[in-house]
Every structure is written in structure tokens, then in C-alpha cells.
Amino acid sequence: MIRFRSSSIRSLSPEMKCTVRLLDDSEISCHIQRETKGQFLIDHICNYYSLLEKDYFGIRYVDPEKQRHWLEPNKSIFRQMKSHPPYTMCFRVKFYPHEPLKIKEELTRYLLYLQIKRDIFHGRLLCSFSDAAYLGACIVQAELGDYDPDEHPENYISDFKIFPKQSQKLEKKIVEMHKNEFRGQSPAVAEFNLLLKAYSLETYGVDPHPCKDSTGATTFLGFTAAGFVVFQGNKRIHLLKWCDVYKLKFEGKTFYVFGAQKEKKAVLSFHTSTPAACKHLWKCGVENQAFYKYAKSSQIKTMSSSKIFFKGSRFRYSGKVAKEVVEASSKIQREPPEVHRTSITQSRSSPSLNKQLIINMEPLQPLLPSPCEEEEVPLDEGIQLPKEDEISVPVTSSSPVKDTGENVDLAIEQEEKMKEEPLTISELVYNPSASLLPTPVDDEIDMLFDTCPRVENEKDDTDSFEELEADENAFLIAEEEELKEARRALRWSYDFLMGNIEVNAFVKSFSRLLLVGLGLLLFVFPLLLVLLESDLQISFLHEIRQTPEFQQFHIEYYCPLRQWVACKINFIRDMLGSF
């Protein structure tokens, strides 16, 4: 048992037990104090694995309302958890590597492989039948090794559950590929092939958030390395690259995405089931945009959920960005740590996991799923993973003399096929199990929302922005309602100040005190701003100037305001000089 003690001498608070479930469903327990921050727990898990490429991973938990959250590393664990100890969390992949080829160590690839297995098992990684068979064969080869007729009877795939909805046709295809195409591959190579195939899929890295669009249709939102994606049925209906996403915003249960595609501005609006789910969606979007978009972590800005300064939630991603993680990985020089693969008795299909669906926190259930983990297979050191510059397509054979021309032609053919039907991602519908959604629901997804379900019409070219006018009109209507509320508040304030509304003496005195405080604030804030923008070298002013929040305020608010005032002054001066 590991015990984390706070560095503060004043802290004499009792210790609280914390249990973290790992990707192979094993558990680690430790004791923390009230002041222990989330980074301590993340570092503890990474030290347990001897994991250096740790920026892809995070710890998530569920509050009493069954809403998912990512553990923030810079905040106290006790202040983030809304339940009473002991705490239960899960170690998961938070940011999926944009290029699995650039992962340096086998240990990191193995942990990503375990996460991909979970995504397949819970229906998050949706794909076609042929891709599902290939993924299943990779898993069987990694878990069972080469096909052996003495050890593997006719229906050996049916003995353990690879997919939740596993047809005999799919099982036969997996057996065929396992017998003929994967013989001789070590667990590491089979796992690597699975990562390469998963990386090429549209739903790779998608953590789907159930929402309703402006028309009432059920959609699933996700954030990937490519950008912001929206899925409906078995199609991807929207894809906004991160460079085209201007702002992410939420108000109550409504989530807004401001962006552009083909030089056309667009406002997408979606409705979540609860304000907490909407805020979680917004924070996930802010973190993913910062991780994948920026070249340096110093470029990350503090994001606000509203246009108005000093209003709404403010959040800033505080970790490394994807490019920095790849650069750090390339500098690793140590001996690769030993990878301990789990046995079949610890697989996620065991009854113990089914009793902990709330703790598991994985959102989607049906469709393509993850395997049960089989007997422990030792790593075959006779066959090594190919180097980064030697790999262009998934490795389907361990023979080093096989001509790669067929693989290249196959990749080109698959790419051309994807260009013909770029939106359809599977024969199946992206329809998750309600028991594994990130928000509380009993039976159906539509019960998450107050709006009545509608008949969803199929769209031929749903990736276009022809129907975004409805979303933009919904946003303008919401803005107009806000202006009406502001006018009512101003009218009431005017009547109150003019004495048209009778109130008692206590309310009057409190109002006068509030007005005096606001007056002082309006005087002190400009004075502090002038001092900060001056050349005075005072210690506390220098510290404020170095904060990212002040730098963002200086660039986005102060400099444009100063330029605007200067232009107005010059304009007035020119007018007076002309007379």
C-alpha cells in the first residue's frame, strides 16, 4: 500500500483510500490526504508501469449523479470528488496518439492496445465487417498465439467473447485469417497490427457524447486528432478540423461549436441531458483542441465558456501537446521495460466487471467490442517489430522477404474505396447501450432528453453545411432571449434607483453598499491595469504580468481596446483640426 502525504505541515487530515482500476482490470490501492493533487495519483500509476510516455493517459471517475469526469492533475483529489471515500477511479487513454508509428516503447503500445480492445468491446470503435474480422484476428493471435489444431478445436473462437454481438459468419472469418495470415506473429507484432488498423478507422479515438441536434435527432459528438466529429446512424455527418474551429461554448444544456468549412461560417448547436454533461463535453473539447492543435504548450490560452469577460466557466489545459509528447518520446534512451501481459482469467468478460459498469465508465456497448484476454503468452523475441520508417501499412505476415508491393496496392485500393463512400463507416448503426453512457439513463437514449424523439430522415451528403442555418437561427434566438432578460433587469434597476419601487431600509442600505463597492471596483481595476501596463518594476506586478491569464487579457482585450481608443482620438482630432 502506498501512502501519499501532503508537503504541508499543517495538514493532519485523515487518510482516504483510493482504488484505481487499470486497463487489464487489475487494481491498485493507495491512501491519499485532502491536499493530495491528481498529478500524484497519475505519477503513481505510471511509476507502477514504469511508463515514460504518460501524457496520453489520464484517470477518470464518476460522480454520484453518474456523470463522468477526468481527474484534473493540478487540483486536489478530495475537492474534485463529490462522493465520500473510499474512491474508485479508472486509468484510461485520454489522448489517442495521432501516429501510433511514433510511439517509442512497446509498453505504451501494449497499454494503447488494451484501450483499443475496450473500445471495440463497448462499441466505440465502429467499423465494417472486414475490418472487424481483421481486428478480431489480431486479438486472437495476440492472446492465443499461432493456430494449433490440437489446442484449438473447431469452435475455439466461440469459447470466449471477442465481440458482444458475435455472429458465426464473423467467427469463421476470424478463424480463417488467424490460420492463414497471422501465423508466426508474436503478441507484440499482432498488437501493433491492431493499432495500425484501428488508427485508419473513422471512429479511432472517439469518446462519444450523446446529444440532440437542433432538429431533435440523436447524435454522438467526439473529439479526435483530426478535429470535431458528429456521428448519426452509421455515418459521420460533420467533421470540423481543429484549424477551422474558432470557439467552443456552452450555456446550460446547450453546446455551441463556432467554425467554418469551405470558407463558410457555421454555428453548430447541440443539446445535452444535463448542465454537468454539457460542461464535461466543453472541457473535453477544450483539452483535445489544445492537445492536437498547438505546437507548444506555451501557446495554450485560458478558455471561457462565454463571450463576456468575468462570466461563465474558465478552463485551461495544463499538460503537454501532441508534438511535444512525440519529441519527448524520440529522446528516450533507456532499456525497454518488460511487458507483463495478462491472462484470460483477468479479462473484462469476467462477472466481476459486469458488476462494476458504473465504475468502468466506458460509454458505448454494442457493435464492435473488445476481447477477452486469453492465456498469458510470452513475447516471442525471435520476431521484432519493424522500425518506423519501414512501415507503411499493417503487417500481415512476419516473413521479412515478402514483397511489399501487394500491400501498397491494397492500401491504395482501400483509400480509393474510402473516397467513394467517405461518410458510411459501418453496416451497423452507431447505437450505444444506455447502461454505459456517460450520463444517467434507465432504458433508452431518448430518455436522456426532454425533447420528444423525431423520425430521422436519411441524408445523402450529410457532411455538407447546407442545413446549418437552423442551428444558427437557434443560436440567434437564444441571444435575443438574453437581450430581453438584460432589458428587464435594466428597467427594474432604473425603477429601483428612481424610487418607483418601495423596499425596506435593509435592502436600501445593502444596495448602497453594493453600489459603493462597484464604484470602488470600477476605480481600482483601471488603476491596477494602468500600473500593470506601466514600466514599474514591483514584485507583485511582475508576477501578475507573467501569468497566462494576464497575457491573454493583454493580447485579446487591452491591445484592441487601446487601438480602438487611439483611432477614435485621432478621428476626433482630425475633425477638430479641419474646422
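A residue counts as buried under 20% relative accessible area, exposed over 50%, and partly exposed in between (1.4 Å probe, protein chains only). This is a predicted model, where local features need pLDDT of at least 70, side-chain atom pairs count only at pLDDT 80 or more, and totals for chains, interfaces and linings use all residues. Residues are numbered from 1 along each chain as its sequence is written, and side-chain values use heavy atoms, leaving out hydrogens and water.

Select Tyr256 and Phe258: both are buried. Rings of Phe, Tyr and Trp (its six-membered ring) pair if their centres lie within 6.5 Å; planes under 30 degrees apart are stacked, over 60 edge-to-face, the rest tilted. Here the centres are 6.4 Å apart and the planes at 35°, so this pair is tilted.

Lys249 is itself buried, at 1% relative accessible area. Show Glu251 too: its side chain makes a polar contact with that of Lys249 at 2.9 Å (N or O atoms within 3.5 Å, one able to donate a hydrogen and the other to accept it; residues adjacent in sequence count only if both atoms are side-chain atoms).

Next, jump to Lys197, which lies over the face of Tyr134, 5.1 Å from the ring centre.

Last stop: select Tyr56, Phe95, Phe291, Tyr292 and Tyr317, a cluster linked by ring pairs.

Key:
Lys NZ or Arg CZ within 6 Å of the ring centre and 35° of its normal.
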